[in-house]
Amino acid sequence: MRAIPLTLTAVAAALLLTACDSGGGGSASGKSGDACEIGGVSVQVGSASVAPAAGDTGEVPVSITNSSATCTLDHFPGVTLHQDGLAPKLGPQQGAKAQKLRLAKGDSASFTITYVRGKDGDAKALKAKSMNVTLPGTDVTENFPWRYGPIAGTSGKGEPNASVTAFQSAGD
């Protein structure tokens, strides 16, 4: 009598496993699964809390609003700073843990770029002119001007003292 329920359970489990996506996914468009993509979502850089002097910390908020079908933000945002041939990518803020967020049409999320202002004329400081933002699972970028002053270097030019936070749900 117990063989039938166990057999049905095993068959159901096998069917569920074969229905799962088995790989790293991605598609010819450079988009992975239902990842949110610039164009389907709008990206805006908000009013920054600019670091006023060398050694001070500044924050630049970035918001994402979905204007298309439900999509997912799964990992950290990509932010690359640009200065005359240098293009360092910012890493996640120390201790930050990425969370998976699903955005329905009209939903918003945000993240913050945190940086330490560099000293004018410091050889290690990065004088970024612009930044590119990329959402996880895609390779589409949007470019924004960097208007927040030089960024302190950690150990050399091209290694800015800056990071990104994880995505957070915005609104109610």
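1. The protein chain has 1 helix and 11 strands. Helices (H or I, at least four residues) and strands (E, at least two) are DSSP runs, numbered from the N terminus. Along the sequence, the elements follow the pattern α-β-β-β-β-β-β-β-β-β-β-β. Residue numbers start from 1 along each chain as its sequence is written. This is a predicted model, in which local features need pLDDT of at least 70 and side-chain atom pairs count only at pLDDT 80 or more, while totals for chains, interfaces and linings use all residues; side-chain values use heavy atoms, with hydrogens and water left out.

2. Confidence comes next. The chain averages a pLDDT of 82, and 78% of the residues score at least 70; pLDDT is the predictor's confidence in each residue, from 0 to 100. Among the elements, β7 has the highest mean pLDDT (97) and helix α1 (residues 3-19) the lowest (36). Over residues 1-30 pLDDT stays under 50, and the model has 8 contacts beyond four places in sequence for this stretch. Contact means heavy atoms within 4.5 Å. Where pLDDT is low, the predicted coordinates should not be read in detail.

3. Of the 172 residues of the chain, 35% count as buried. Buried means under 20% relative accessible area, exposed over 50%, and partly exposed in between (1.4 Å probe, protein chains only). Among contacts between residues at least 6 apart in sequence, 75% join residues at least 24 apart.

4. Which residues touch the most other members of the largest nonpolar core? They are F111, I113 and W146, in a core of 31 residues. A nonpolar core is a set of buried Ala, Val, Leu, Ile, Met, Phe, Trp, Tyr and Cys residues joined through side-chain atoms within 4.5 Å. At least two residues of this core come from each of β1 (41-45), β2 (57-66), β3, β4, β6, β7 (108-116), β8 and β10 (162-164). β7 gives the largest share, 4 residues. Leaving aside neighbours within four places in sequence, F111 is in contact with residues including V60, V62, I64, V79, V133, V164 and F167.

5. An open sheet of 3 strands runs in the order β4-β8-β9, with antiparallel pairing. The edges are held by β4 and β9 (141-145), each with a single partner strand, so one side of each has no neighbour in the sheet. From one strand to the next, the twist averages 25 degrees. For these angles, axes are lines fitted to C-alpha atoms (for helices over the stretch in contact), and angles run from 0 to 180 degrees between N-to-C directions.

6. β8 and β9 pair in the antiparallel sense over 5 bridges; two strands pair if DSSP finds at least two bridges between them. The bridge partner of M131 in β9 is F144, and that of V133 is E142. The hairpin of β8 and β9 has 6 residues between the strands, and G137 in this hairpin takes a positive phi near 90 degrees.

7. N132 lies in strand β8 (residues 130-134). Is N132 buried or exposed? N132 counts as buried because its relative accessibility is 17%. The side chain of N132 makes a polar contact with the side chain of H82 at 3.3 Å. A polar contact is a pair of N or O atoms within 3.5 Å; within protein, one must be able to donate a hydrogen and the other to accept it, and residues adjacent in sequence count only if both atoms are side-chain atoms. Not counting residues up to four places away in sequence, N132 touches G78, V79, T80, H82, T141, E142 and N143.

8. Most residues other than glycine have a negative phi. H75, in the loop between β3 (71-74) and β4 (78-82), has a positive phi near 130 degrees. H75 counts as partly exposed because its relative accessibility is 48%. D84, in the loop between β4 and β5 (91-92), has a positive phi of about 30 degrees although it is not a glycine. With a relative accessible area of 63%, D84 is exposed.

9. K97 sits in the loop between β5 and β6 (100-103) and is exposed, with a relative accessible area of 70%. K97 and T165 are 68 residues apart in sequence, and their C-alpha atoms are 8.4 Å apart in space. Residues up to four places away in sequence aside, K97 touches F76 and A166.
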